[in-house]
Amino acid sequence: MTLFNLLFRNSDLECPRCQGKAFVDWEDIRRLDKILKWTPAPCAYCLGTGKVTKEILSKVPVDYTYLTIDLPESEMDKIKEGDQETLEKGRIHELFLDELIKYVENHHVNNKMDAESIANLYLSTEDENALFSLERENLRLYIEKIIELKRIESNQK
């Protein structure tokens with residue numbers, strides 16, 4: 001990028017993910033429908049600056065699940081550059097999360113299983129070379145969050 005482009009690129013747009021706060025909070029997570037997929041953290045879309053370019057807006061959806069601050073910088077760059085292979089990996093990651101949530105809901109509601117039992121069952125069937133593998137404790141904690149959210153939702157009805 002030339003010095004001229006670097007100085008005059010249009011990066012004064014407010015980030016639509018964090019709404020210029022540089023941090024994605026629970027309100028943003030609810031607004032973007034990413035409950036159980038994101039947690040509050042510095043905004044990966046604007047890298048915590050609160051500002052974005054028109055270019056990223058045209059290449060990456062604001063609610064793109066896979067673009068989170070805990071990714072390696074090289075992976076974030078590939079997403080922001082519109083790398084199709086990385087974007088597809090992100091789509092697969094979101095499908096994985098959706099299916100895992102359904103799996104937990106099904107076993108909890110229909111089979112009356114607790115988080116530990118669901119984690120054990122899931123891990124007993126998970127492929128060793130799975131694209132998105134989970135550590136037992138992180139999986140159990142995630143399953144507990146899913147169960148708690150579903151409990152809250154059912155109490156509100």
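**Close-up views of a predicted model**

Gln19 is partly exposed, with a relative accessible area of 36%, where buried stands for under 20% relative accessible area, exposed for over 50% and partly exposed for what lies in between (1.4 Å probe, protein chains only). The model is a predicted one, in which local features need pLDDT of at least 70 and side-chain atom pairs count only at pLDDT 80 or more, while totals for chains, interfaces and linings use all residues. Residues are numbered from 1 along each chain as its sequence is written, and side-chain values use heavy atoms, with hydrogens and water left out.

**View 1. Two loop residues with positive phi.** Gln19 sits in the loop between strand E1 (13-14) and strand E2 (23-24), with helices (H or I, at least four residues) and strands (E, at least two) taken as DSSP runs numbered from the N terminus. The phi of Gln19 is near 60 degrees, a positive value in a residue other than glycine. Asp33, in the loop between H2 and E3, has a phi near 55 degrees, likewise positive in a residue other than glycine, and Asp33 is exposed at a relative accessible area of 61%. Most residues other than glycine have a negative phi.

View 2. For Cys15, which is in no disulfide, the nearest cysteine sulfur is that of Cys43, 3.7 Å away. The closest cysteine sulfur to that of Cys18 belongs to Cys15, at 3.7 Å, which is too far for a bond. Both are buried: Cys15 has 0% relative accessibility, and Cys18 has a relative accessible area of 0%.

**View 3. The nonpolar cores.** A nonpolar core is a set of buried Ala, Val, Leu, Ile, Met, Phe, Trp, Tyr and Cys residues joined through side-chain atoms within 4.5 Å. The largest such core has 20 residues, and those touching the most other members are Cys15, Cys43, Tyr45, Val60, Tyr64, Leu67 and Ile79. A second, separate core of 17 residues includes Phe96, Ile101, Met113 and Ala115. Once its neighbours within four places in sequence are set aside, Val60 is in contact (heavy atoms within 4.5 Å) with Tyr45, Leu67, Ile79 and Lys80.

**View 4. The surroundings of Leu134.** Leu134 belongs to the loop between helix H6 (115-125) and H7 and, at 27% relative accessibility, counts as partly exposed. Apart from its neighbours within four places in sequence, Leu134 is in contact with Phe96, Leu100, Leu123, Glu126 and Leu139. From C-alpha to C-alpha, Leu134 and Tyr122 are 10.0 Å apart in space, and they are twelve residues apart in sequence.

**View 5. The lining of the largest pocket.** A pocket, on a 1 Å grid over the protein atoms alone, is an open set of points where a 1.4 Å probe fits, with protein on both sides within 12 Å along at least five of seven lines, and lining residues have an atom within 4 Å of a point. The largest pocket holds about 1100 Å³ of space. Its lining has 36 residues, of which Leu36, Lys37, Trp38, Thr39 and Tyr142 are the closest to its centre. Helix H2 (26-31), strand E3 (41-42), helix H5 (84-111) and helix H7 (136-156) each supply at least two lining residues, and H7 gives the largest share, eight residues.

Technical notes. Grid points are joined across faces, edges and corners, and a volume is the space filled by probe spheres set on the points. A disulfide is a pair of cysteine sulfur atoms within 2.5 Å.
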